[in-house]
Structures are given as structure tokens and as C-alpha cells.
Amino acid sequence: MHYDKIVVGAGAAGSIIAARLSENPDMSILLVEAGPDYHPAETMPDCIRYAYGHDENIWAKAFGHDSEFSWNYFARTTDEAPPVLVPRGKIVGGSSAVNSQIFLRGVPEDYDDWFDLGNDEWSYDKLLPFFKKVETDTDINDEFHGTEGPILVRRFKENEWHEEQQAFYEACLLKGFDDCKDHNNPKTIHNKSNAAREFSYYQAHWCNFKHPLSVLRGFKHY
Ligand SMILES: Cc1cc2nc3c(=O)[nH]c(=O)nc-3n(C[C@H](O)[C@H](O)[C@H](O)COP(=O)(O)OP(=O)(O)OC[C@H]3O[C@@H](n4cnc5c(N)ncnc54)[C@H](O)[C@@H]3O)c2cc1C
């Protein structure tokens, strides 16, 4: 079998590369992934399908110790420190399939720092159209948000928060932290130091491929 392009790893990066390449109907693409793929979505195990926000115990099964959807990597930060789990997803969707689905952009000042260092395609203003292109924000429609992208974004409503989350939120307000209804709006974040002080709740959903492409399960250890 001949393919024009072969992409190894159907994670956050590989899936997007394969999906964008597949927009050209004349190009044949093979996407190779070590972990499983689930079609239709209803066949997905609950820990992947519902993930973070639904039940933290279910979510932990997606990436936790001995999960069949994780590479089960361990690492030590120092010679003395005990090994800790370094979660990495092994499934179509990669680590994005087992992650917290928090959809936060970087702080504009950081991108502008990159620009100042000579990366002239990486200023916040140049990136903003792509941030918008990738999302359909179901809550906010303004100059900072997209309405036609493949990733659906929503914020957890206050009545969906767990008691502990509500208590934490209120305690933070009492301590003088600012509320932030939209962390991806630089006008709300104000500046870098404030960004760490404000918080809000996000959820993003995985996107669908536009055209069919071949997805092969397999990998090789070196
Ligand atoms: C538990 C957890 C929570 C996270 N929470 C968030 C969050 O809330 N928000 C956020 O923005 N980011 C979060 N992240 C980080 C984010 O998911 C990653 O930065 C992102 O997925 C990295 O994308 P990637 O394409 O580089 O790698 P991955 O998405 O990990 O994809 C790599 C893919 O390649 C496959 N692969 C590897 N080697 C081979 C091989 N030899 N052959 C075939 N396939 C192979 C893997 O199985 C995997 O599917 C989280 C990550 C984890 C693990």
C-alpha cells in the first residue's frame, strides 16, 4: 500500500496534522497510533468518554497507574525522590484524550516576548486568528473567540460545580482574588501577574476529522 504522507502518533499534534492533510482529497494519508481507537463514540470506555469534570475517579482511570490508555512512564525529579507517574495518553487523541480538557491560551505578553526575540510569526496578534479558527465557543461570541472551529468550548456553569469547587471559589474571592469570566480574553486577564490570580472553568471537546483517512494501530519500540 502506498501513502503520500504517514503521520506517527494520533495525539493532539498528529491528529491535527492528519486532519489538515486529509482536507486535500487527492492525498492519501496513513495515521499510525499505538493505542486503541473507538468508533462509534458510544463504544468509548466511560473514563475516556466522560473524562474530567464528570467523576474524578473515572477520569483517573484514563491516565492513572496501569491504565491501558497510558504509557505508564515513571520519572524521578532527583536521585532521592521516589518515582512519580508521568501520564501520557496511548489512544487516538493521545494525551488530549485523557487530559483535563482545560482550554487556556498562553498569556499575550509571552507570545510578544517570543516575537521580540525574533520569532516574527508568533506575536499574539498574529496567533489570534488561529486561536479563533480552532474553536467554536458556545458561550462567548466576540473579537477574541471563534464560532466555526472544530473544537467546541464551554465553561462549567456555577450550578455544575462540586461543593468543594464552590467553596474554593468563594474562599479565593474572600482572599481578594479577582473573578474571571473569560480567561482567553486578554482584556479580562489584564496582565501576566494577574493571570495567575484569576480563574475560571473550561471544557473542550475533541474534534472530528473532516474526511476519512486510514488509522492503523501499531508502534515499534526502539
Ligand atoms: C493527565 C493530563 C492532563 C492534561 N491536562 C491538560 C489540559 O487540561 N489542558 C491542556 O491544554 N493540556 C493538558 N495536558 C497536556 C496535553 O494533553 C498535551 O500537551 C498534548 O496532548 C501533547 O500533544 P502531543 O501531540 O505532543 O502528544 P500526545 O497527545 O501525547 O500524542 C502522542 C501520540 O503518539 C502516540 N505514540 C507515541 N509513540 C508512538 C509510536 N512509536 N508509534 C505509534 N504511536 C505512538 C501516543 O500513543 C499518542 O497517542 C494534559 C496532559 C495529561 C497527560
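Core first: I found that the largest nonpolar core holds 17 residues, and that Ile48, Ala62, Phe69 and Val98 have the most contacts inside it. By nonpolar core I mean a set of buried Ala, Val, Leu, Ile, Met, Phe, Trp, Tyr and Cys residues joined through C-beta atoms within 7 Å. I call a residue buried if 20 or more other C-beta atoms lie within 10 Å of its own, exposed if 12 or fewer, and partly exposed in between, with C-beta atoms placed from the backbone.

Next, who contributes: α1 (12–21), β2 (29–33), α2 (46–49), α3 (56–63) and α4 (95–98) each give two or more residues to this core. α3 gives the most, with three residues.

A note on provenance: this is a predicted model, where local features need pLDDT of at least 70 and side-chain atom pairs count only at pLDDT 80 or more, while totals for chains, interfaces and linings use all residues. Residues are numbered from 1 along each chain as its sequence is written.

I then followed Ile48, which touches Ala62, Phe69, Ile91, Ala97 and Val98, leaving out residues up to four places away in sequence. Contact here means C-beta atoms, placed from the backbone, within 7 Å.

Zooming out, I noted nine helices and eight strands in the protein chain; these are DSSP runs (helices H or I, at least four residues; strands E, at least two), numbered from the N terminus. Buried residues make up 17% of the 222 residues.

Last, α7: its count of buried residues is zero among twelve. Gly176 follows α7, with a positive phi near 100°.

Methods. Two residues are in contact if their C-beta atoms, placed from the backbone, lie within 7 Å.
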